[in-house]
Each structure stands twice: as structure tokens, then as C-alpha cells.
Amino acid sequence: CCIVFVERGQRRIPIHYAKRLLGRRMVGGQNTHLPLRLNTAGVIPPIFASSLLLFPATLTMFSSSIPWLSELADVFKAHDSALYNVVFVALIIFFCFFYTAIVFDPKDIAENLKNQGGFIPGIRPGGKTRDYINTVLTRITLWGSLYISAVCVMPTILSSYFGPNLNFGGTSLLILV
């Protein structure tokens, strides 16, 4: 229930469009919003993070003659270790910011708003709009990355404390929702 609530959560930035004269008609003057999802990156960051953590184990399957690589692989094979979970959370947070920066471009959004006569109330069009959207997106991405990290690590923590082996992970919960 909580996962569905957070996945559908969004920050709505109000946008106003100025009225303008087009021919003999007055057009525009609309109020709308720019929805920024709390989880902009989706399920991609945990998938990338787990793939990166499994990479040393994959390399040791091909060449077991490198001793430091096999030791590194042994450290990351134990999914219930504290080191694994800390590195996993750090990689999820990194990939949330990285993927959001690639997918969502505040400069492009600000330019499109300016070209279409739209503005955010209290914010000047152009660079100030870009900075405002970037600030809001950074704050949302921080909380979204912490949420994704908690969802992905929670099954491991629960299974280590309560004993039964859970057959699903946090990534499968995110995909399911």
C-alpha cells in the first residue's frame, strides 16, 4: 500500500500561460502544472546497482586465478552482509541521481516554457526557472533514492532478523507495483 502511494506521488509545480493575441482572437491564459514524480528513475537504479555488485563474481567465473578478485567476489556474494547493503544503497542513490540527470533536462523544460509563454509564478523565465526546477528535482530525487534504497534493502534486513528466507527482493516489489 505504501509503495503504491509513493510510486504515484508527485510534486506539481504550477505553471501559468500568459494571454496573447493571435489574429483576432485572444488565446492562452491557462493554469496548469508540471508533474515531477518522486521516483523519477523508476526501477533502473537497483538493477544497475545489483549488476555492478555481481560483476566481480561474474569475472571470477571466467578467471579464478586472480586472488584479490575472488576475495572481492566473496565479499559481495553474501547479500545479507552489512558491507554489501551499504554499497548497494550508495550505488542506488548514485544511479538515481545519474539516471534522473540523463532523462530529465531542466534546461530544455525551461526553454520550452519560455517559448510557449509559460512561467512559474514568482520565478523569472529562463535561467531562474531552470535553477528552480533543478533544485526541486534534486530534493525530490534525494527522497526518492532513499525510498528506493529502503524498499530494496528491507527484504534482506527482514529475512536476517526474522529467519525465513524471503523469495522476493525490493526490485521485484517495485516492478510489481
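Mentor: Welcome! Let's start with helix 5 and helix 6, which are oblique to each other; angles under 35 degrees count as roughly parallel, over 145 as roughly antiparallel, 65 to 115 as roughly perpendicular and the rest as oblique. This is a predicted model, where local features need pLDDT of at least 70 and side-chain atom pairs pLDDT 80 or more, while totals for chains, interfaces and linings use all residues. Residues are numbered from 1 along each chain as its sequence is written, and side-chain values use heavy atoms, leaving out hydrogens and water.

Trainee: At what angle do helix 5 and helix 6 pack?

Mentor: Helix 5 (residues 106-115) and helix 6 (residues 127-162) pack at about 135 degrees, and their axes are 8 Å apart. Axes are lines fitted to C-alpha atoms, for helices over the stretch in contact, and angles run from 0 to 180 degrees between N-to-C directions. Helices (H or I, at least four residues) and strands (E, at least two) are DSSP runs, numbered from the N terminus.

Trainee: Which residues in helix 5 meet helix 6?

Mentor: Pro106, Lys107, Ile109, Ala110 and Leu113 do, and their counterparts in helix 6 are Thr129, Arg130, Ile133 and Asn134 (contact means heavy atoms within 4.5 Å).

Trainee: How should I read the sheet?

Mentor: Strands of a sheet pair through backbone hydrogen bonds, either parallel or antiparallel. Here three strands form an open, antiparallel sheet in the order 4-1-5 (pairing needs at least two DSSP bridges). Strand 4 and strand 5 are the edge strands, each pairing on one side only.

Trainee: What is the bridge partner of histidine 16 in strand 4?

Mentor: Asparagine 31. In strand 5, histidine 16 has phenylalanine 119 as its bridge partner.
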